[in-house]
Structure formats: C-alpha cells, structure tokens
Amino acid sequence: MNELVHIDVEEETNTWNVIMDGQQRKILERSLSNIEDQERIKIFSTAAKILGKCSNPINAEGNSIGLGLGKVQSGKTSSFIALNALAIDTGYKIIIIMSGN
C-alpha cells in the first residue's frame with residue numbers, strides 16, 4: 001500500500017459511529033481526572049473522529065492499517081491512549097504501538 005490518507009479531524013463526517021461509553025474509556029476517564037473537562041472532551045472527540053474514519057471492526061471487509069503521527073509535544077500520548085481505549089471498546093482485537101527515540 002503506497003497511499004497516504006490525511007484524516008481531517010475538523011471534518012464532521014465519520015464513516016461509522018464509534019462507541020463512546022465503553023469500559024476502557026471509563027477507566028481512562030478516571031486516570032485523566034487531573035485534566036480539565038474541556039480538554040478531556042477534546043481528546044476523546046478527536047480520537048473518535050480519527051477512529052470513525054478507519055475501518056469498522058464489526059463489519060470490516062479486508063484489512064486496513066492506520067498510522068498516527070504528530071509533532072513533538074503536541075499531545076500525542078493522551079490522544080493515542082484515548083484512540084486505543086475507544087478502539088478496544090468498539091471491537092478492535094489487535095492494537096500495535098511502536099514508539100521510540
């Protein structure tokens with residue numbers, strides 16, 4: 001696959017509805033309780049928009065691979081954790097995280 005797809009998180013349309021009230025999100029919400037409500041809402045909203053552009057794990061046909069990138073100190077860690085929590089709640093079975101220096 002040599003195709004790069006940019007996901008515009010400002011765009012309101014998703015290809016499917018992401019589960020926003022699952023068990024993993026509830027656990028993560030407790031650990032993010034030191035973050036202001038508006039910022040926490042923004043983190044999960046952005047993660048849901050990104051996930052909504054990916055394949056729906058319930059009725060996906062074929063395989064798809066997603067890659068998240070971000071600038072230094074741009075909030076990637078909390079966004080990636082939120083994205084993973086929503087993905088698990090929605091039905092994704094495998095999530096691979098590769099990180100490093």
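Predicted model: local features only at pLDDT ≥ 70, side-chain atom pairs only at ≥ 80, totals over all residues.
Residues are numbered from 1 along each chain as its sequence is written, and side-chain values use heavy atoms, with hydrogens and water left out.

Now colour by secondary structure. You will find three helices and zero strands, in the order α-α-α (DSSP runs numbered from the N terminus: helices are H or I of at least four residues, strands E of at least two). Of the 101 residues, 23% count as buried (under 20% relative accessible area; exposed is over 50%, partly exposed in between; 1.4 Å probe, protein chains only).

Next, select α2, residues 37-52. Among its buried residues are R40, I43, F44 and A47, and the buried residues of α2 pack against α1 (23-31) and α3.

Then show V18, L28, F44, A47, L51, A82 and L86, the residues with the most contacts inside the largest nonpolar core, which has 14 residues (buried Ala, Val, Leu, Ile, Met, Phe, Trp, Tyr and Cys joined through side-chain atoms within 4.5 Å). The elements giving two or more residues to this core are α2 and α3.

Click on L86: beyond its neighbours within four places in sequence, its contacts (heavy atoms within 4.5 Å) include V18, F44 and L51.

Finish at N84 in helix α3, residues 76-90. N84 is buried, at 18% relative accessible area, and touches I95 and I97, not counting residues up to four places away in sequence.

Technical notes
Expected span 1.5 Å × (residues − 1).
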